[in-house]
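Please look over the protein shown here.

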Amino acid sequence: MKLPVRPHQMVLRAATGASILNSGLSKRGADEDTAMGLHRMAVGTYPFLDKIDPVTFTRLLSAGEITLGTALLVPLVPSKLAGAGLSAFAAGLLGLYLRTPGMHKPGSLAPTEEGTPLSKDLWLLGAGLSLVLDKRDRG
C-alpha cells in the first residue's frame, strides 16, 4: 500500500502538525479567564462567534486544533486534505492579525510587538498551500 504522503511533505506536516497539536492540547481544560480572553479576541474579528459561550468556544477551538494537528501528523490522511484544513485554519488566524487593532503598524502590514506572534502564522498558510498545490509524481 502506497501512503498518500510523499517524504518531503512529511517535513511540513510534522512541523505544522506538532505545533498545532501542542496548541490544542494546551487549551484543553483552559480556565474561564483564559477562555474569555480567547473568545474576546476571536469575537473582535469574527462577531458571529459572540453567540457561542466562551468556554464552549475554547473547547471547540481546542478540539479543532487537536484534530487538525493529528491529521497533519498521520500519514494516512491525504496531503491535499490536510493542507486544505491547514490553509483554512491559517486564513482564520491571519484574519485575526489583519483585523485586530494594534497587531500591525498603522498603514502597514508590518507587525507591532503584540502582533508578531500572529503575523508568524503566515508560514502556516504557506505550508498548507504547498501541500494542496503539490503534484504527485507521474510514474
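The sections below take the overall fold, then a helix pair, then the salt bridges, then a surface patch.

## Overall fold

This is a predicted model. The protein has six helices and zero strands. Along the sequence, the pattern reads α-α-α-α-α-α.

The C-alpha atoms fill a box of roughly 50 × 35 × 25 Å along the principal axes. The protein has 139 residues, and 34% of them are buried.

## Helix 1 against helix 3

Two packed helices are described by the angle between their axes and by the distance between those axes. Helix 1 spans residues 7–27. Helix 3 covers 54–73. Their axes come within 7 Å and cross at roughly 155°. Helix 1 is therefore roughly antiparallel to helix 3, because angles over 145 degrees count as roughly antiparallel. The crossing of helix 1 past helix 3 is left-handed.

## Salt bridges

Side chains of opposite charge can pair when their charged atoms come close. How many salt bridges does the structure hold? It holds two.

One of them joins Glu-65 and Lys-27, with the closest N and O atoms 3.1 Å apart. This pair links distant parts of the chain: Glu-65 sits in helix 3 and Lys-27 in helix 1, 38 residues apart. Glu-65 and Lys-27 are both buried.

Is Arg-6 buried or exposed? Arg-6 has a relative accessible area of 14%, so it counts as buried, the cut-off being under 20%.

## A nonpolar surface patch

Which residues make the nonpolar surface patch? They are Leu-3, Leu-73, Val-74 and Leu-76. The patch is about 290 Å².

Leu-76 belongs to the loop between helix 3 and helix 4, the latter spanning 79–99. The relative accessible area of Leu-76 is 53%. Leu-76 is therefore exposed, because exposed means over 50%.

Conventions: Residues numbered from 1 in each chain as written. Predicted model: local features only at pLDDT ≥ 70, side-chain atom pairs only at ≥ 80, totals over all residues. Heavy atoms only, no water. Patch = residues over 30% accessible without salt bridge, like charges linked within 9 Å, V, L, I, M, F, W, Y side chains within 5 Å. Areas by Shrake-Rupley, 256 points an atom, 1.4 Å probe, with all protein chains shown as cover. Salt bridge = Lys/Arg side-chain N within 4 Å of Asp/Glu carboxyl O. Helix = DSSP H or I, 4+ residues; strand = E, 2+ residues; numbered from the N terminus. Buried < 20%, exposed > 50% of the residue type's maximum accessible area, 1.4 Å probe, protein only. Axes fitted to C-alpha atoms, helices over the stretch in contact; angles between N-to-C directions. Parallel < 35°, antiparallel > 145°, perpendicular 65-115°, else oblique. Left-handed = near helix turned anticlockwise from the far one by under 90°.
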